[in-house]
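Thanks for coming. I will go through one structure today and spell out the terms as they come up. Please have a look at the model first.

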Amino acid sequence: MSGEDQQTPGTDGEPGGDGIRGTALGTAPVPLSVLDLVTVGAGSTATAAVRTAVELARTAERRGFHRYWVAEHHSMPGVASSSPAVLLAHIAAHTDRIRLGSGGVMLPNHAPLVIAEQFGTLEAMAPRRVDLGLGRAPGTDGATAAALRRTERLHEGADQFPQQLAELTRFLDDSFPDGHPYARIHAVPGPVQATAPGGVQSPHRPPLWLLGSSGFSARLAGTLGLPFAFAHHFSAANTVPALDLYRASFRPSEVLAEPYALIGVSALAAEDEQEARRQVRTGALAMIRLRTGRPGLVPSPEEAAAHHFSDVEQDFVDNWLGNVVHGTPDAVRQGLDDLAKRTGADELMITANAHTGEVRRRSYDLIADAYGLPQG
């Protein structure tokens with residue numbers, strides 16, 4: 001990582017832009033980004049998955065993808081992204097320009113002050129390159145959520161999300177009013193350093209994004225004038241209603257004058273359709289096991305091909321793959337174009353699920369080629 005002189009070009013042509021809006025490159029209809037679940041395939045290790053994450057981020061940067069996000073998950077053997085801030089610090093050290101962020105941090109699992117400190121530290125490491133995406137789901141099962149939160153009252157945590165968000169924002173801005181119990185508590189690194197004798201502190205802090213798969217966060221993001229990210233990759237039926245609700249609820253803010261929404265999209269390109277389908281079936285089998293309480297490593301294509309799917313499982317696979325844009329690069333490009341047009345999304349964040357990192361990295365290159373994105 002090279003320091004403060006390395007900044008991300010914005011849509012206004014000035015370094016950094018507003019930190020939110022990207023620029024569509026090549027023939028892409030909207031900016032393209034990457035969501036990495038840092039998956040671990042059968043026969044591989046978490047060390048290899050983290051190494052792949054660095055390779056994917058570097059590929060995304062080289063090919064002109066706008067941002068690279070990782071998501072918080074827990075107690076899932078096939079997903080090595082339980083600590084987004086740690087992963088992002090590592091990836092920041094191996095990239096120079098691409099925006100890095102959480103898609104997302106599950107705020108009810110954490111004290112807001114801790115998240116403000118973690119992402120303030122990331123902002124110090126990679127100035128004007130860090131996004132803080134927040135969700136209110138646990139990112140795991142109920143028992144694991146209880147272990148994380150030290151409470152059995154899980155719904156209470158989700159219900160208090162707006163209050164937690166407000167508290168986090170106050171810590172990030174160092175803006176608790178006089179008389180507040182936290183007025184003398186400061187998230188460091190943060191704005192308070194500019195008020196110390198001789199202090200100089202960047203006025204920038206990570207932009208907040210709200211993430212969701214239903215209408216709750218869509219409405220809240222709109223009301224607060226924040227950018228919104230919708231999990232189309234696992235909640236496709238709710239995508240258009242949630243985006244409509246976000247836009248209808250939107251109120252201009254200091255952050256955004258107009259709505260800005262990205263959607264997460266599961267997509268995988270390969271040289272031919274048969275190979276693409278062979279690869280994406282591994283993700284379908286992994287999801288079946290997760291949904292039936294048997295989470296594990298991402299199976300190989302050979303294991304998925306040999307698996308005997310029951311009628312119920314086959315129905316699930318068919319429905320699941322119907323929401324995965326896959327095939328040749330041209331077919332994936334067409335599918336992404338159609339999705340952008342149908343939803344009106346301002347940005348597409350692509351997640352590629354496959355057994356090996358090389359297949360996933362190759363998919364991003366093929367998609368970039370199909371849109372004529374720069375070689376870097």
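I start with Arg281, which lies in helix 9. Helices here (H or I, at least four residues) and strands (E, at least two) are DSSP runs, numbered from the N terminus. Before going further, a word on the source: this is a predicted model, where local features need pLDDT of at least 70 and side-chain atom pairs count only at pLDDT 80 or more, while totals for chains, interfaces and linings use all residues. Residues are numbered from 1 along each chain as its sequence is written, and side-chain values use heavy atoms, with hydrogens and water left out.

Which residues does Arg281 touch, not counting residues up to four places away in sequence? They are Ala304, Phe309, Gln314, Val317 and Leu321. Contact means heavy atoms within 4.5 Å. Arg247 is 34 residues apart from Arg281 along the chain, and the C-alpha atoms of the two are separated by 35 Å.

A pocket, on a 1 Å grid over the protein atoms alone, is an open set of points where a 1.4 Å probe fits, with protein on both sides within 12 Å along at least five of seven lines; lining residues have an atom within 4 Å of a point. The largest pocket holds about 1200 Å³ of space, where grid points are joined across faces, edges and corners and the volume is the space filled by probe spheres set on the points. Its lining has 49 residues, and Leu37, His73, Met76, His233 and Phe234 lie nearest the centre. Among the elements that give two or more residues to that lining are strand 3 (99-106), strand 7 (261-269) and helix 9 (273-291). By class, the lining has 24 nonpolar, 21 polar and four charged residues. Ala, Val, Leu, Ile, Met, Phe, Trp, Tyr, Cys and Pro count as nonpolar, Asp, Glu, Lys and Arg as charged, and the others, Gly among them, as polar.

Next, helix packing. The axes of helix 6 (residues 161-173) and helix 7 (residues 215-224) come within 12 Å and cross at roughly 40°. That angle makes helix 6 oblique to helix 7. Axes are lines fitted to C-alpha atoms, for helices over the stretch in contact, and angles run from 0 to 180 degrees between N-to-C directions. Under 35 degrees counts as roughly parallel, over 145 as roughly antiparallel, 65 to 115 as roughly perpendicular, and the rest as oblique. On the helix 6 side are Phe161, Pro162 and Leu165, which meet Phe216, Leu220 and Leu224 in helix 7. The residues of this contact are six nonpolar, no polar and no charged.

Helix 6 also packs with helix 3 (residues 112-125), at an angle of about 40° and with the axes 9 Å apart. Helix 3 and helix 6 are therefore oblique to each other. From helix 3 come Pro112, Leu113, Ile115 and Ala116, and from helix 6 Gln164, Glu167, Leu168, Phe171 and Leu172. Here the division is seven nonpolar, one polar and one charged.

Last, some backbone details. Most residues other than glycine have a negative phi, and most peptide bonds are trans. Gly103 and Gly104 are joined by a cis peptide bond, with omega about 5°, and Gly104 is in strand 3. Val188 and Pro189 are also joined by a cis bond, with omega about 0°; Pro189 sits in the loop between helix 6 and strand 5. Val38, although not a glycine, has a positive phi of about 50°.
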